[in-house]
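Here's a quick tour of a few local spots in this one. Have a look at the sequence and the fold, then read on.

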Amino acid sequence: MSTLYTAIATANGREGRAVSSDKRLDVALAPPKEMGGSGEGTNPEQLFAAGYAACFASALQLVGRKQKADVSEASVTAEVSLSPEGKGFALGVTLRVELPDELHGEAGTALVEAAHQVCPYSNATRGNIPVNLVIE
């Protein structure tokens, strides 16, 4: 398999910075207030949520084009939770997919499930963390 693209970023922990190799992403990192931090920066869960939402929305657009369904008004909100698990932590994801009214029901469910099979984030997380799909 040939690689289409490789993203490179460097970070120095939850309280510091995350910077991409091309410098287009350069963000302050800080734990959220809910975890005892200042909340004065973004955190890894927010970055993961943004990436997953964007990727899933793109997968939905790809599937929509193939199935001749207009999903241009669709949006995806990713909720990434961090929970204690054993001696460490675990992630969980809820993807809230807002579809146009005409795509509610079986057609919309089929599109979202097809996108879940195509999305690289879904493929990476499948079997590793729970991902809940919610159609709104």
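## Across from Ala11

Ala11 sits opposite Ala18 in strand E2. This is a predicted model, by the way.

Zoom out a bit and you get an open sheet of three strands, in the order E1-E2-E3, with antiparallel pairing. Strands E1 (9–11) and E3 (26–29) each have a single partner strand, so one side of each is left without a neighbour in the sheet. From one strand to the next, the twist averages 15°. As for what holds such things together, strands of a sheet pair through backbone hydrogen bonds, either parallel or antiparallel.

## Two lysines with positive phi

Most residues other than glycine have a negative phi. Lys23, in the loop between E2 and E3, has a positive one, near 70°. Lys23 is also exposed, with a relative accessible area of 58%.

Lys68 has a positive phi too, near 55°. You'll find Lys68 in the loop between helix H1 (44–66) and strand E4 (75–85). Is Lys68 buried or exposed? Exposed: its relative accessible area is 76%, and the cut-off for that label is over 50%.

## Ile129 and its contacts

Further along, Ile129 lies in the loop between helix H3 (120–125) and strand E6 (131–135). Which residues does Ile129 touch, leaving out those up to four places away in sequence? They are Leu91 and Val93. Ala90 is 39 residues from Ile129 along the chain, and their C-alpha atoms are separated by 7.6 Å.

Terms used:
Residues are numbered from 1 along each chain as its sequence is written. This is a predicted model: local features need pLDDT of at least 70, side-chain atom pairs count only at pLDDT 80 or more; totals for chains, interfaces and linings use all residues. Side-chain values use heavy atoms; hydrogens and water are left out. Two strands pair if DSSP finds at least two bridges between them. Helices (H or I, at least four residues) and strands (E, at least two) are DSSP runs, numbered from the N terminus. Axes are lines fitted to C-alpha atoms, for helices over the stretch in contact, and angles run from 0 to 180 degrees between N-to-C directions. Contact means heavy atoms within 4.5 Å. Buried means under 20% relative accessible area, exposed over 50%, partly exposed in between (1.4 Å probe, protein chains only).
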